[in-house]
Amino acid sequence: MSDHGARRPDHATRRAALRDLLVENGVDALLVTDLVNIRYLTGFTGSNAALLVYAWDAGEQRTVICTDGRYATQVGEQVPDLHAEIARASARRLVELAGEWQTGRVGFESHVVTVDQHRGFLEWGAGLEFVATPGLVEQLRMVKDAYEVDRLRAACAAADAALAALLERGGLRPGRTERQVARELEWLMFEHGAHKIAFETIVATGANSAVPHHRPTDAELAPGDFVKLDFGAVVDGYHSDMTRTLVLGAPADWQREVYELVYAAQRAGREALKPGAACNAVDAAARSVIEAAGQGELFVHGLGHGVGLQIHEAPGLAKTGTGTLLGGVAVTVEPGVYFPGRGGVRIEDTLVVREGGPELLTLTTKDLTVVD
């Protein structure tokens, strides 16, 4: 499934969708202060900004972005379709504008605004009514448009190519340390198109592979070890996330058994990804496979999470997950079984929910890879 030609994001369409949500939530405008959400709505990537979006402003005469003087040129280049204000205290300037324009009810991102920031809003925007409206932009961000899926594919391809190159050049071998492997894998992602690393790469060998979020150390890879690799690339702001667990030399019977169990659970989770599926039901589809094998207590985290402009975003696929999946949502599916002090397996893909079955973006084989 391809979205060739989807090379530029349509920020105006995203803001139009947000205006519909503002009407539904009974606010006249939304003050956006989360920088990731500002990037999603405008394309601006600076480190200081605020955005004021009006519910009834189809012509976007009043929708305005504010940043400081360091980014005066950048905001003009990245956001040519909106009026830009230049002020160091960006949120304050937009609150003052909302007051001048007698806006009325102003929504704010209460899930990211601090108590002190909220006090400032009340001080700077006398006469305005501030309404907590958490997660509105995040609600839109869950469903990826064609441009976003295209960038996710590119990020996943960079990670796939990096792992293939690492294996081809013999980068996984006894005597190398976890840190050495991690740094090489990260550099290979850059060589294959990554703009950034999605998160600190996890390389966990032997007993360390039983630690879900182990950080690489000087531990050396040894024959007979599981080696767990959890890594991702970023392309144009969009993250990939993949975990593969390999074995150095001939696997023991217990290693084959636990690998086959996690592989079966991961397949069940992938197959449960359908529009309309409850998030907790997707988790249950995979978790039940592991529980049926008597290892449920060794699967100690949720099944997966949304991925996009952030490595972890909505929705959550877990026992406590809420809501249902929509077509176009990008998520990970990553069950794991971990035997403390011995070793563990996690298998993770990034996928996009589609009618008829999910689109798989991480294409590296999930068959047990034996590194001789």
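The following is a dialogue on how terms are applied to this structure.

Student: What kind of model is this, and how are residues numbered?

Tutor: This is a predicted model, in which local features need pLDDT of at least 70 and side-chain atom pairs count only at pLDDT 80 or more, while totals for chains, interfaces and linings use all residues. Residues are numbered from 1 along each chain as its sequence is written, and side-chain values use heavy atoms, with hydrogens and water left out.

Student: Why is Phe-108 called buried?

Tutor: Buried means under 20% relative accessible area, exposed means over 50%, and partly exposed lies in between (1.4 Å probe, protein chains only). Phe-108 has 7% relative accessibility, so Phe-108 counts as buried. Phe-121, at 2%, therefore counts as buried too.

Student: What makes the rings of Phe-108 and Phe-121 an edge-to-face pair?

Tutor: Rings of Phe, Tyr and Trp (its six-membered ring) pair if their centres lie within 6.5 Å; planes under 30 degrees apart count as stacked, over 60 as edge-to-face and the rest as tilted. Here the centres are 6.0 Å apart and the planes stand at 75°, so the pair is edge-to-face. Phe-108 sits in strand β5 (residues 105-108) and Phe-121 in helix α5 (residues 115-124), 13 residues apart. Helices (H or I, at least four residues) and strands (E, at least two) are DSSP runs, numbered from the N terminus. Phe-108 and Phe-121 also belong to one aromatic cluster with Trp-124 and Phe-130.

Student: How many aromatic pairs does the structure hold, and what describes the one formed by Phe-44 and Tyr-71?

Tutor: There are 10 aromatic pairs in the structure. Phe-44 and Tyr-71 form an edge-to-face pair, with 5.7 Å centre to centre and 90° between the planes. Phe-44 lies in the loop between α2 and β2, and Tyr-71 in the loop between β3 (64-67) and α3 (72-78), so the pair ties together parts that are 27 residues apart in sequence. Phe-44 and Tyr-71 are both buried.

Student: What is the largest nonpolar core, and which residues touch the most other members?

Tutor: A nonpolar core is a set of buried Ala, Val, Leu, Ile, Met, Phe, Trp, Tyr and Cys residues joined through side-chain atoms within 4.5 Å. The largest one has 37 residues, and Leu-18, Leu-22, Phe-44 and Leu-51 touch the most other members. Elements giving two or more residues to this core include α1 (11-24), β2 (50-54) and α7 (146-168). The largest share, 4 residues, is from α7. A second, separate core has 28 residues, among them Ala-277, Cys-279, Ile-290 and Leu-298.

Student: Which residues does Leu-51 contact?

Tutor: Contact means heavy atoms within 4.5 Å. Leaving aside neighbours within four places in sequence, the contacts of Leu-51 include Leu-30, Val-32, Ile-38, Val-64 and Leu-94.

Student: What makes β15 and β18 paired strands?

Tutor: Two strands pair if DSSP finds at least two bridges between them. Strand β15 (residues 330-333) and β18 have 4 bridges and pair in the antiparallel sense.

Student: Which peptide bond is cis, with omega near 5°?

Tutor: The cis bond runs from Ala-314 to Pro-315. Pro-315 is found in strand β14.

Student: Is Asp-236 buried, partly exposed or exposed, and why?

Tutor: Asp-236 has a relative accessible area of 28%, so Asp-236 is partly exposed. Asp-236 has a positive phi of about 50° although it is not a glycine. Glu-60 also has a positive phi, of about 55°, and is not a glycine. At 14% relative accessibility, Glu-60 counts as buried.
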